[in-house]
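Please look through the structure below before reading the comments. They are meant for someone new to reading models of this kind.

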Amino acid sequence: SLLQLSNTMESDGQLQPILLRKKDRPGPIKKWIIVAGERRWRAAQLAKWKTILAIEYNGDPEVAALVENLQRVDLNPKERAIGIEKLITQKGWTQIEAAEALGKSAVEISAILKILTLPDKIVDDLVKNHSVTQNALVELSRIADPATRDELVNEARQGKLTVKAIRERRDPSSGS
């Protein structure tokens, strides 16, 4: 994937700068530490670039790195939920503070975190083997009855599950 990123950067350029902070050390030469964008830096090295775009970042480096990782497209719903939970735990934040940092609503953060209430075995199977969406996992996590949830999980494994079907099973009065 690093080679793919390098090829993309060669053809399209660097679309987003990396974030750096100064490393405190005595003397006239300052060293820099990458806060966010290490993969872009490595890809630029592969492409034999001499320079890349960078911005000095004076905020909390842990937050910047976690936020950047959470905004990656290739994270699956469980990884995203774990990352948000880690951000909240490490910083002692509320869901509202996490939502503000991530540019999401508090309701969306709460829903994503709800995925972590499902058994790991179910989430891992549905994400890895059946490409179940984040919304479907959130809706499954709202099913209180284990038997109903298990039936829905079986439907997901057969490729027959929709968010609408989950909602209807959770609230039969909402039928079509």
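The numbered points below go from the overall picture to single residues.

1. Confidence. This is a predicted model. The mean pLDDT of the protein is 88, and 95% of the residues score at least 70. Helix 3, residues 61-70, has the lowest confidence, with a mean of 78. The highest is found in helix 6, residues 106-114, at 96. Where pLDDT is low, the predicted coordinates should not be read in detail.

2. Elements. The protein contains 10 helices and three strands. Read from the N terminus, the order is α-β-β-α-β-α-α-α-α-α-α-α-α.

3. Overall shape. How does the protein's radius of gyration compare with the globule rule? The radius is 21 Å, whereas the rule gives 16 Å for 176 residues, so the protein is more spread out than a compact globule. The C-alpha trace spans about 70 × 35 × 30 Å along its principal axes.

4. Contacts and surface. Of the contacts with a separation of 6 or more, 56% are between residues 24 or more positions apart. Buried residues make up 34% of the 176 in the protein.

5. Charge. There are 28 positive and 24 negative side chains in the protein. The centres of these two sets lie 6 Å apart.

6. Helix 8. Is this helix, residues 134-141, enclosed or open? Seven of its eight residues are buried, so helix 8 is largely enclosed by the rest of the structure. The buried residues are Q134, A136, L137, V138, E139, L140 and S141. They pack against helix 4 (77-91), helix 6, helix 7 (120-130), helix 9 (146-157) and helix 10 (163-170).

7. S141. This residue belongs to helix 8. Why does S141 count as buried? Its relative accessibility is 8%, and buried means under 20%. Setting aside neighbours within four places in sequence, S141 is in contact with K114, I115, T117 and L118.

8. E85. This residue is part of helix 4. At 41% relative accessibility, E85 counts as partly exposed, a class that lies between the 20% and 50% limits. Apart from neighbours within four places in sequence, E85 is in contact with L113 and L116. How far apart are E85 and L140 in space? The distance is 19 Å from C-alpha to C-alpha, and the two are 55 residues apart in sequence.

9. L75. Where is L75 found? It lies in the loop between helix 3 and helix 4. L75 counts as buried because its relative accessibility is 13%. Its contacts, leaving aside neighbours within four places in sequence, are N69, L70 and R80.

10. K48. This residue sits in the loop between helix 2 (38-46) and strand 3 (54-56). With a relative accessibility of 69%, K48 counts as exposed, since exposed means over 50%. The phi angle of K48 is near 65°, a positive value in a residue other than glycine.

Terms used. Residues numbered from 1 in each chain as written. Predicted model: local features only at pLDDT ≥ 70, side-chain atom pairs only at ≥ 80, totals over all residues. Heavy atoms only, no water. Helix = DSSP H or I, 4+ residues; strand = E, 2+ residues; numbered from the N terminus. Rg over C-alpha atoms; globule rule 2.2 N^0.38 Å. Buried < 20%, exposed > 50% of the residue type's maximum accessible area, 1.4 Å probe, protein only. Contact = heavy atoms within 4.5 Å. Lys, Arg positive; Asp, Glu negative; His and termini not counted. Charge placed at Lys NZ, Arg CZ, Asp CG, Glu CD. pLDDT = per-residue confidence, 0-100.
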